[in-house]
Amino acid sequence: MKDNRFKIAPSILSADFARLGAEVEDVIKAGADWIHFDVMDNHYVPNLTFGPMVCKAIRPWTKAPIDVHLMVEPVDSLIEPFAKAGADYITFHPEASRHVDRTLSLIRENGCKAGLVLNPATSLDWLTYEMDKIDMVLLMSVNPGFGGQSFIPETLHKLQECRWILDQYEKKTGKKILLEVDGGVKIDNIAEIAAAGAEVFVAGSAVFSGKNYEGYKKIINNFRKELDGV
Ligand SMILES: O=C(CO)[C@@H](O)[C@H](O)COP(=O)(O)O
């Protein structure tokens, strides 16, 4: 049984790029909730992946939300192209945008949900004046740029702090902001990460190590079993 509290979002950074559409279809059929789409520009991060054209190409393969994580600088010129390509969530790193408030507004005006991404060393203070324009906070538990890195343990404390901030805000305003975590999420730490307050789990190498639909299903089921105990 799917627990609606928790969303599993496989990062297609670790998928087989030669058959991306089928990979997207397979992980969602295997029980994942969202598709996490890592955009890297070889400028903000030292790696290069894909852009709006690839997002548009995978869009017909699933109805599941596509969660676009922009690791790019500058940010604003990519918002409309990604919205048109079918993105549901667009998140970006605040230090990569000259005008964070404007970028958040732009995402919302383009009909997408907006989020800020905070690197391991980036302060939660970035959230303070922007909570009303944020639908999701993504805490990086690795330094951005590559899949397959190890979870940075200090992130657990940051997750707890962020959970507290989001809960206080929800109590005051009634507005729910999702808390997503990205990097090094595995079967042996997902329960601890959930207990610290995360609700959306990006997992790239862990899920795609399953190699095919059956393998993905097994791994996602194991994630769910871990989450059921939280
Ligand atoms: O954004 C990133 C890396 O910058 C992540 O989405 C990783 O791609 C997650 O990969 P794993 O750590 O799960 O392999």
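**View 1. Asp182 and the residues that touch it in the predicted model.** Leaving aside its neighbours within four places in sequence, Asp182 is in contact with Leu138, Met140, Ser141 and Val202, where two residues count as in contact if their C-beta atoms, placed from the backbone, lie within 7 Å. Asp182 lies in strand β7, which covers residues 178-182; helices (H or I, at least four residues) and strands (E, at least two) are DSSP runs, numbered from the N terminus. Asp182 counts as buried because it has 26 C-beta neighbours inside 10 Å, the rule being that a residue is buried if 20 or more other C-beta atoms lie within 10 Å of its own, exposed if 12 or fewer, and partly exposed in between, with C-beta atoms placed from the backbone. This is a predicted model, in which local features need pLDDT of at least 70 and side-chain atom pairs count only at pLDDT 80 or more, while totals for chains, interfaces and linings use all residues. Residues are numbered from 1 along each chain as its sequence is written.

**View 2. The two annotated positions, Asp38 and Asp182.** An unreviewed UniProt entry places the feature "active site" at Asp38 and Asp182. Although these positions are spread over 145 residues of sequence, they cluster in space, with a largest C-alpha distance of 10.5 Å. UniProt positions are given in the numbering used here, feature names are shortened, and annotations may be inferred rather than shown by experiment. Asp38 has its place in strand β2, residues 35-40, and is buried because 24 C-beta neighbours lie inside 10 Å. Not counting residues up to four places away in sequence, Asp38 touches Ser11, Leu13, Thr49, His69 and Met71.

View 3. Eight strands form an open sheet in the order β1-β8-β7-β6-β5-β4-β3-β2, with parallel pairing. The edge strands are β1 (7-10) and β2, each of which pairs on one side only, and the twist averages 25 degrees from one strand to the next.

**View 4. The shell around the ligand.** The ligand is surrounded by 22 residues, of which the closest are Ser11, Pro144, Gly147, Gly204 and Ser205; a residue is near a molecule or strand if its C-beta atom, placed from the backbone, lies within 6 Å of it. The elements that give two or more residues to this shell are β2, β8 and α7. By kind, the shell divides into 8 nonpolar, 12 polar and 2 charged residues, where Ala, Val, Leu, Ile, Met, Phe, Trp, Tyr, Cys and Pro count as nonpolar, Asp, Glu, Lys and Arg as charged, and the others, Gly among them, as polar.

**View 5. Backbone details in three loops.** In the loop between β2 and α2 (52-58), Asn42 has a positive phi of about 60 degrees although it is not a glycine, and Asn42 is exposed, with 12 other C-beta atoms within 10 Å. Lys211, in the loop between α7 (205-208) and α8 (213-228), has a positive phi of about 75 degrees although it is not a glycine. A cis peptide bond, with omega about 0 degrees, joins Glu73 and Pro74, and Pro74 is found in the loop between β3 (66-71) and α3 (79-84).

How values were computed:
Two strands pair if DSSP finds at least two bridges between them. Axes are lines fitted to C-alpha atoms, for helices over the stretch in contact, and angles run from 0 to 180 degrees between N-to-C directions.
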